[in-house]
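Please read them with the structure open.

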Amino acid sequence: MTELSRATVLRGVGLAAAGSLLAGGTATAAPPARPHPNVKLIQDYYAAYGAGDLEKLSTFFAEDIRWTIPGHHPLAGTKTGIDEVLAFFTQLKRAGFQAQPIFLAADGDWVVDLHRGWSTQPAGLDITWALAFRIRGRKIAEAINFAGDQHAADAFFWRTYPLAPIPDRLAD
């Protein structure tokens, strides 16, 4: 039996569709599938994030949300509760952070997201990020953020958010 290549299959499907149209058939597209409700939640979250609306953004978070930002930089660590997570997003807004979703998929309570994330103030960071969102009661209960280039993210955040010099940093 001859193994079919992807290109051969695609050519065959294209020729069959063209033949159907030439024979008087009509092309019909399948109706778009409704997104998983948790994917829709994250799409709506990204719309609020893109608008810079921190008040609206807070409505997507569970009261006890945990948002983890890996790395070795001033913004790294786990933020717990809406106030800490919003403080983190306030800092991202200060750097003009933007996000453009590339891929969203859901399985049970989890949504996986790939997006392009970049800074504008200052420019200098433009990488792919992955997030794992755990949804509970139609709210984001947990998010774990993964940088496509952690070294570049660490370097950017150190340049953009330097620690105060000692002794000011250690003052009460």
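The points below go from the basis of the model to the chain, the sheet, the helices and the cavities.

1. This is a predicted model, in which local features need pLDDT of at least 70 and side-chain atom pairs count only at pLDDT 80 or more, while totals for chains, interfaces and linings use all residues. Residues are numbered from 1 along each chain as its sequence is written, and side-chain values use heavy atoms, with hydrogens and water left out.

2. The chain holds five helices and six strands; these are DSSP runs numbered from the N terminus, helices being H or I of at least four residues and strands E of at least two. Read from the N terminus, the order is α-α-α-β-β-α-β-β-β-β-α. Of the 172 residues, 32% count as buried, meaning under 20% relative accessible area with a 1.4 Å probe and protein chains only. Among contacts (heavy atoms within 4.5 Å) with a separation of 6 or more, 49% are between residues 24 or more positions apart.

3. The six strands form an open sheet of mixed pairing, in the order β2-β1-β6-β5-β4-β3; two strands pair if DSSP finds at least two bridges between them. Because β2 (77-80) and β3 (98-107) are at the edges with a single partner strand each, one side of each has no neighbour in the sheet. Direction ignored, neighbouring strands are turned by 15° against each other on average.

4. Strand β1 (residues 61-69) runs parallel to β6 (residues 139-147), with four bridges between them. Four bridges also join β1 to β2, but here the strands run antiparallel. Trp 67 is opposite Ala 143 in β6 and opposite Lys 79 in β2. Arg 66 faces Glu 142 in β6 as its opposite residue.

5. Helix α2 (residues 37-51) packs on the sheet and touches β1, β3, β4 (110-120), β5 (123-136) and β6, with its direction at about 170° to that of β3. Helix α4 (residues 82-94) lies across β1 and β2 and runs at about 50° to β1. Axes are lines fitted to C-alpha atoms, for helices over the stretch in contact, and angles run from 0 to 180 degrees between N-to-C directions.

6. How many cavities of 30 Å³ or more does the structure hold? There are two. A cavity is a set of points on a 1 Å grid over the protein atoms alone where a 1.4 Å probe fits but cannot get out, and lining residues have an atom within 4 Å of a point. Points are joined across faces, edges and corners, and the volume is the space filled by probe spheres set on them.

7. The largest cavity has a volume of about 190 Å³. It is lined by 17 residues, of which Tyr 49, Leu 92, Phe 97, His 115 and Asn 145 are the closest to its centre. At least two lining residues come from each of α2, β1, α4, β3, β4 and β5. By class, 13 are nonpolar, four polar and none charged; Ala, Val, Leu, Ile, Met, Phe, Trp, Tyr, Cys and Pro count as nonpolar, Asp, Glu, Lys and Arg as charged, and the others, Gly among them, as polar.

8. The second largest cavity holds about 30 Å³. Its lining includes Ile 69, His 73, Trp 129, Asn 145 and Phe 157. Two or more lining residues come from each of β6 and α5 (150-160).

Methods: On a 1 Å grid over the protein atoms alone, a cavity is a set of points where a 1.4 Å probe fits but cannot get out, and a pocket is an open set with protein on both sides within 12 Å along at least five of seven lines; lining residues have an atom within 4 Å of a point. Buried means under 20% relative accessible area, exposed over 50%, partly exposed in between (1.4 Å probe, protein chains only).
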